[in-house]
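Trainee: Please take me through one part of this predicted model up close. Then put that part back into its surroundings for me.

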Amino acid sequence: MPGQPPVAKKSPITTTHHGRTRTDDYEWLRAKDDPEVIAYLEDENAWTAERTAHLADLRQRLFDEVKARTLETDLSVPTRNRGYWYYGRSFEGKEYGASCRVPIADEADWTPPTPAQVAIDQPALPGEEVLLDHNELAAGHDFFSLGGSAVSPSTALLAYSTDTKGDERYTVRVKDLSTGDLLADVLEGVMGGVTWDRAGESFYYSTVDESWRPDKIWRHRLGTGQADDELVYHESDERFWCGVGRTRTDRFLVIESGAKTTTEYRFLDQDRPEAGWQVFAAREEGVEYNLEHARIAGEDLFLVLHNATGVDFELATAPIAPTPRSEWKTLIPHDPAVRLEDVDAFAGHLVVHQRSEGLTQLRILELGPDGVGDDYLVRFDDEIYTIGSGGNPAFDQPTVRLGYTSLRTPSSVYDYDVRDRSLELRKQQPVLPLDGRPFDRDDYEEHRLWATAEDGVRVPISLVVRRDAREAALADGAPLPLHLYGYGSYEASMDPGFSLFRLSTLDRGAAFAIAHIRGGGEMGRGWYDDGKLLRKRNTFTDFIACARHLVETGWTSPELTVAEGGSAGGLLMGAIANLAPEQWGGIVAAVPFVDNLTTMLDASLPLTVVEYDEWGNPEADPEVYDYIASYAPYDNVADLPYPPILAETSLNDTRVLYVEPAKWVARLREVAGADVLLKTEMNAGHGGVSGRYKAWHDRAFSLSWILDRLGLA
């Protein structure tokens, strides 16, 4: 009915656990194939379209702005591997890009080639070979995602995987790069990409069980059918998932079995395949480790990054053999002020990814004839930033490809040459002038702020704002409109980074901030542990404390604060709406995990069992049941003065099912008469729509709503 929101019918279902009875009026919305459910979701979409029709011009302006600022025909910095430089291309007017390569001209030269100019209808570099045209692969599909692509060791074949539904079940095909023809090999229901063996005659891949847990590793021999593939490993513990990979040296294939707090590795030595797959160190509850093959002082070793001696991990070495923990030798000892996150081994150096005081760090350990030599950090000068390495596939490379960004610094690609310790900028994300105004990072200021949580813990905040907007607000004594983002789960760190879209918010006078709350990994493993299981409420109260700090210190006001979070961050949004509805001018909850008690009570649902170490098992433990019930957003909807809420979801999401926000929205309307909108993508998954321009339109929708709530529409 025009002018009235949809009203979901009530069909009560009562369940009892541990003597506690729950009644759920909207569980019927879980029937995805029911035409009545689809009709309801479409009615919600129509209502959302009606309520946001006044923002149509703003949405188009936001889309036009990001498009104008983007160099649409471009290429990435080429990465060197096995005789070629590999890179990606994008094209003006096309949703997707292309994967390309050119032969290496000079084996001694590690300087990546650069084009004189990039034209949409011309090769970017001499000798360009297009490996995959993603637009061709996406043709005829409403959704497209490339799960992974892997060139065979001979460089003659390419195995790649695609998803055209959004459910993250991929189809693998193999392309002959000399002819462009596809081989007969087609594999269905694969999780992600594949890993070639050294001979290039077979590859390994994983599949999922009925609850969407990667539980099996298979070996596929080229020229055979999928039904004949060899089952290499089956992970039978439902708390664990498994995956397969290869060391940078190409000597070892590895299978990782991982739960939230425990890991176990198997390795296959391709120099001695007759030894078969061997367990490096048997799983031990609470002990996490990973393996990397290194050569130090002429000796082949495993690097073992583990938490057996401290929560923030240490780096050890071990012989190339199954090795009990008692025989690991410390290389970098545990330091409670530094969280070691990963390590990459090269012929002449090790690269350690770590973080301290809420900031990422890149650490170099130089290798010499006698072992590890100098140990130092690659440093930048910004107050807040994100640094990391990637695109370093060659074991013998003398350089480290690294990425650097901040809230006001466009994404930048550097090569760090370990030989002379020089840092060379290879490319910075282009930001084209808008209406004749060039981008200048000095027009913006970024800050690291600290809020104080309920229990006295200091919580970091990263903030960016235009200088002139801040100066005007200070002169007038007026609060700034502020967009506050948070996540706070799975030890995932929301590190500060640049966004072209965000410029459209900042240039309209708003500030943007990230609350680095507990449950994330920004301040180390203890930060994560203090925001999970029976300490999950810290995540929510930290976020509220950050918002209040920004108000109390004069940055903003509650009515000018819009909060946003997605997935587990959407659970955060639901919780802070219940706990402090007066603190927000609006809330955006993307693919929100808001019915988490129902989900965690049903072991048959995707990912539930593997999530027990994150949220607890309310089916088995009454204390966990009561704790989750005390904060679960759906269960705690009450007759409160909720701010306007925009909930966004996707019908084919396999991680957070569409039914969670659908039920939440229905209950918010019924119980509180809340001003709440539900937008469901009918052909997308957890990551939303696919395609560059579709994604821009999608984000423009969200940002226009946010700007409207901030008074900047």
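Mentor: Let's start at I576. Leaving out residues up to four places away in sequence, I576 touches F540, F543, I544, A563, P581, W584 and I587 (contact: heavy atoms within 4.5 Å). This is a predicted model, with residues numbered from 1 along each chain as its sequence is written; local features need pLDDT of at least 70, side-chain atom pairs count only at pLDDT 80 or more, and totals for chains, interfaces and linings use all residues. Side-chain values rest on heavy atoms, with hydrogens and water left out.

Now step back to the core around that spot. I576 is among the residues with the most contacts inside the largest nonpolar core, along with L484, F543, L550, W584 and W664, and that core has 125 residues (buried Ala, Val, Leu, Ile, Met, Phe, Trp, Tyr and Cys joined through side-chain atoms within 4.5 Å; buried is under 20% relative accessible area, exposed over 50%, partly exposed in between, 1.4 Å probe, protein chains only). Helix α13, residues 692–709, gives this core its largest share, eight residues. Another core lies apart from it, with 16 residues that include F313, I332, L340 and A345. Nonpolar side chains tend to be buried together in soluble globular proteins.

Rings are the next thing to look at. Searching the whole structure turns up 27 aromatic pairs (Phe, Tyr or six-membered Trp ring centres within 6.5 Å; planes under 30 degrees apart are stacked, over 60 edge-to-face, the rest tilted). One of these is Y84 with Y86, a tilted pair at 6.0 Å centre to centre and 55° between the planes. Y84 and Y86 are both buried. F280 sits in the loop between β19 (278–279) and β20 (289–296), while F302 is in strand β21 (residues 299–306), so their pairing ties together parts 22 residues apart in sequence. F280 and F302 are buried too. They also belong to a cluster linked by ring pairs, together with F252, Y265, F267, Y289 and W328.

As for the chain overall, there are 13 helices and 39 strands (DSSP runs: H or I of at least four residues, E of at least two, numbered from the N terminus). Of its 713 residues, 58% are buried. Take the contacts between residues at least 6 apart in sequence: 59% of them join residues at least 24 apart. The C-alpha trace spans about 70 × 65 × 55 Å along its principal axes.
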